[in-house]
There are 2 protein chains.
Amino acid sequence: MDIRQLRYFVAIAEEGSLSAAAQRVNVAQPSLSQHVIALERELDVTLLDRSPRGVTLTQSGEVLLSHAHEVIAALDRARDAVRQSGSEPQGAVSFGLPSSIAMVLSVPLAETVRLELPKVKLRAIDAMSGFIKDWLDGQTVDLGILYDIGTVRHLNHRQLMTEELHFFSAPDAWPFESSPGSPVPVSELPQVELVLPSPQHGLRVMIDRSIKPTGVSLNIATEMDGLGHIKTMVARGSGYTILAPAAAIDYVERGELIMAPIVEPRLVRPVYLVRNPAKPVTRASQEVERITLEVIRDLLARGIWQAFDPKSDAAE
Amino acid sequence: MDIRQLRYFVAIAEEGSLSAAAQRVNVAQPSLSQHVIALERELDVTLLDRSPRGVTLTQSGEVLLSHAHEVIAALDRARDAVRQSGSEPQGAVSFGLPSSIAMVLSVPLAETVRLELPKVKLRAIDAMSGFIKDWLDGQTVDLGILYDIGTVRHLNHRQLMTEELHFFSAPDAWPFESSPGSPVPVSELPQVELVLPSPQHGLRVMIDRSIKPTGVSLNIATEMDGLGHIKTMVARGSGYTILAPAAAIDYVERGELIMAPIVEPRLVRPVYLVRNPAKPVTRASQEVERITLEVIRDLLARGIWQAFDPKSDAAE
DNA sequence: CAAAATTACGCTTGTCGTAACGATA
DNA sequence: TATCGTTACGACAAGCGTAATTTTG
């Protein structure tokens, strides 16, 4: 089975006649006859009902016709995309980001894309990581950022960095005897009332999974989804929380929250950039991927986004 | 650009070397070289960076690679589907039905499919027609039933029947001087308080559009979505409504509602079966389509679903 | 019997393989 | 200089066109 055969077959189906189709595709009619016979032999079905007044499709023929359209369309898209890829990147790229990462990444990313790729339309969508996983399975986004690639390991992915979760407190409500901002051992956490997202949230899953082997049981006073609400509550001194630094950088910069590393054990999670395999690569999506890496490198260098550095662990 | 060339290209990309790929696909290495050069000439891009240690993909090469996977996958699906089409229909078929039609159609349809196509898994999903239109644009359903094909006229569709909307009243609350169940002219409708769905509902759009040219303005006392709620309300005598007979056949059979044709003008709407062009035809979907026609013919013959018959109009 | 599809048969063209050549870490 | 990709060229088969044959409403 061959693209040319499929094109011929489409012409035959549309013309309802080998002779007419032969004229249309500029090929002698017996040649088409041969191709159809070859297809029928290969697929082991009858594709056409022949009559002296032309041909009609059998059911199998209809099935082949619709699939032939698919294949031809895919091939045409391929040609267009590759031809485009030589010139300036253009078109839409949709990018799913977990809210905590969107907070720190989406603005500089969008600005850089605007600047470097003026013809690319970036749709940065932020959502809980569960949704992003669904979108990567479907056709919704070209790229996504995930913490947990367990269920999508088959997809094309690359690790961006490793985030280290921190303990957050209002500046005037530091609950431990140590000085504010000094490392908090996991074993001390039960002393404080925590505000955490519900177990359907990726962050919560990660926290529970990391804490479990230590045998420590957290004192979760409030379960609340919505990052903004959690931060507000903690900033008012009505509890404490555990977040990635990027998720609360705004409050920390304004002095409304202070953060402290969590140790024994450290709570680290890898961050992956995942490509949707169902969405073919375009030049635009490649460039957005490249710029994402660039922007992240920059954010890390400027200390705006903190990466877990295994060396600091070893130095202890 | 040719399927074979794409297969070769995928092998080259995966092996990172023309020579290695040549072994894998059992072709002499210079032949692959030729094919790549031909592709590059046709597409007017460079696909490979050559080195004496192998080749690496350029950006355009990556774009082609991902599209090549698409094309090859589409072709494989085509082969499988056509081979399957010779044997017993099997697989999943999803079918979007407007709620009013689902009420009368989905059970007999599902039963017939179960009986005649035991290996086919029918997913009959009922929803407002707006959703069904979206699903037909997307990848959600194979088949759908719609009233209005204005925006999807390009899709493959066939008219199933024409429904005639009727006036519904509680049996003991007939509001007109005529005998209960006798035809109701549109001009009489303003006398009664109607319960109708909101304007986002397909039925309401259709009613408004049909009434408008007559200059009559309806007395819509309540806008309420949810067919069940509307029928309950009317059955309790708290208003009157306009529906397709199929949408209220349950209440009519139980004697909780009576219905009357609406005349001057009649309110008719065509019903279309629409095929999703993005979902390739399978044997199973063909058979479901056939059985749908069969079941509808049967429902019409048994009077369970009433079709508008233009002859009765002419007879007036 | 007429219109259309199939079979038969040379011929062209595209694809492959072998062999020689060229480029680079 | 060894390894890989490219160029050159002859061989073969796939696909095409012309012509004759078969099929069927």
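Buried area is the accessible area, taken with a 1.4 Å probe, that two parts lose on being put together, summed over both. Between chain B and chain A it comes to about 3,100 Å². Carbon and sulfur atoms give 63% of that area. This is a predicted model, in which local features need pLDDT of at least 70 and side-chain atom pairs count only at pLDDT 80 or more, while totals for chains, interfaces and linings use all residues. Residues are numbered from 1 along each chain as its sequence is written, chains are lettered from A in the order in which they are written, and side-chain values use heavy atoms, without hydrogens or water.

**How the copies are related**
- A rotation of 180° with 0.0 Å of shift along its axis places chain B on chain A, with an RMSD of 0.1 Å.
- In chain B, the C-alpha of B:Val71 is nearest the axis, 2.9 Å from it.

**The interface**
- Chain B puts 35 residues into the contact, and chain A puts in 35 residues. Contact means heavy atoms within 4.5 Å.
- In chain B, B:Gln59, B:His67 and B:Val82 lose the most area to chain A, together 19% of what that side buries.
- The copies meet through the same surface, because 100% of the interface residues of chain B are also interface residues in chain A.
- Four salt bridges are counted between the chains. Each is a side-chain nitrogen of Lys or Arg within 4 Å of a carboxyl oxygen of Asp or Glu.
- B:Glu70 forms a salt bridge with A:Arg77, with the closest N and O atoms 3.9 Å apart.

**Domains of chain A**
- Chain A is divided into domain 1 (3-85), domain 2 (91-161 + 270-315) and domain 3 (166-266). The bounds come from an automatic or database domain assignment.
- The C-alpha centres of domain 1 and domain 3 of chain A lie 63 Å apart.

**A buried lysine**
- A:Lys231 is found in helix 8 (residues 227-235) of chain A. Helices are DSSP runs (H or I, at least four residues), numbered from the N terminus.
- A:Lys231 is buried, with a relative accessible area of 3%. Buried means under 20% (1.4 Å probe, protein chains only), exposed over 50%, and partly exposed in between.
- Beyond its neighbours within four places in sequence, A:Lys231 is in contact with residues including A:Met103, A:Asp250 and A:Tyr251.

Key: Copies are superposed by least squares on the C-alpha atoms of residues with pLDDT of at least 70 in both. Helices (H or I, at least four residues) and strands (E, at least two) are DSSP runs, numbered from the N terminus.
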